[in-house]
Amino acid sequence: MAAISREEVAHLARLSRLAVTETELDTFAGQLDVILQAVARVGEVTAADIPPTSHSVPLTNVLRDDVVVPGLTPAEALSGAPDAEGNRFRVPRILDEEA
């Protein structure tokens, strides 16, 4: 016997505003029963001595250490700019003051 009945599937379909046929009710009841059994099996495996994890395998920090390196001077950064003003890139205005 299925853990979920045709009536329950019909009720879920109404709540979800899904139009399902009588044939689909039987199909969905069987499929949902399989899903519910799989979820129940997962629930049986849980144990208090198993710590919760976010990944299936242990991870270590895969990022490199932050190292300060010299960057560009303002003159070097602005050397390829089409227009500069006061150590800044100058770009055309795209918004009006009255916005």
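These legends describe close-up views of a predicted model. Local features are given for residues with pLDDT of at least 70, side-chain atom pairs count only at pLDDT 80 or more, and totals for chains, interfaces and linings use all residues. Residues are numbered from 1 along each chain as its sequence is written, and side-chain values use heavy atoms, with hydrogens and water left out.

**View 1. The largest nonpolar core has 5 residues.** Its members are Ile4, Val9, Ala10, Leu25 and Ala29. Helix H1 (6-15) and helix H2 (22-45) each supply at least two residues of this core. A nonpolar core is a set of buried Ala, Val, Leu, Ile, Met, Phe, Trp, Tyr and Cys residues joined through side-chain atoms within 4.5 Å. Buried means under 20% relative accessible area, exposed means over 50%, and partly exposed lies in between (1.4 Å probe, protein chains only). Helices (H or I, at least four residues) and strands (E, at least two) are DSSP runs, numbered from the N terminus. In soluble globular proteins, nonpolar side chains tend to be buried together.

**View 2. Helices H1 and H2 cross at roughly 105°.** Their axes come within 9 Å. Axes are lines fitted to C-alpha atoms, for helices over the stretch in contact, and angles run from 0 to 180 degrees between N-to-C directions. H1 and H2 are therefore roughly perpendicular to each other. In these terms, angles under 35 degrees are roughly parallel, over 145 roughly antiparallel, 65 to 115 roughly perpendicular, and the rest oblique.

**View 3. Residues of H1 meet residues of H2.** On the H1 side are Arg6, Val9, Ala10 and Leu12. On the H2 side are Glu22, Leu25, Asp26, Phe28, Ala29 and Leu32. By class, this contact has 7 nonpolar, no polar and 3 charged residues. Ala, Val, Leu, Ile, Met, Phe, Trp, Tyr, Cys and Pro count as nonpolar, Asp, Glu, Lys and Arg as charged, and the others, Gly among them, as polar. Contact means heavy atoms within 4.5 Å.

**View 4. Helix H1 has a buried side and an exposed side.** Val9, Ala10 and Ala13 are the buried residues. They cover an arc of only 100° around the axis, which puts them on the same side of H1. The arc is that of the directions from the helix axis to the C-beta atoms. On the other side of H1, Glu7, Arg14 and Leu15 are exposed. H2 is included in what covers the buried residues of H1.

**View 5. Ile4, Val9 and Leu12 share contacts.** Leaving aside neighbours within four places in sequence, isoleucine 4 is in contact with Val9, Leu12, Ala29, Leu32, Asp33 and Leu36. Valine 9, in helix H1, has 4% relative accessibility and counts as buried. Valine 9 and glutamate 24 are 15 residues apart in sequence and 9.5 Å apart in space, C-alpha to C-alpha. Leucine 12, also in H1, is partly exposed, with a relative accessible area of 40%. Not counting residues up to four places away in sequence, leucine 12 touches Ile4 and Leu32.

**View 6. Arginine 17 has a positive phi of about 60° although it is not a glycine.** Arginine 17 is found in the loop between H1 and H2, just after H1. At 77% relative accessibility, arginine 17 counts as exposed. Most residues other than glycine have a negative phi, and most peptide bonds are trans.

**View 7. Asparagine 87 has a positive phi near 60°.** This residue, which is not glycine, lies in the segment after helix H3 (74-78). Asparagine 87 is exposed, at 60% relative accessibility.
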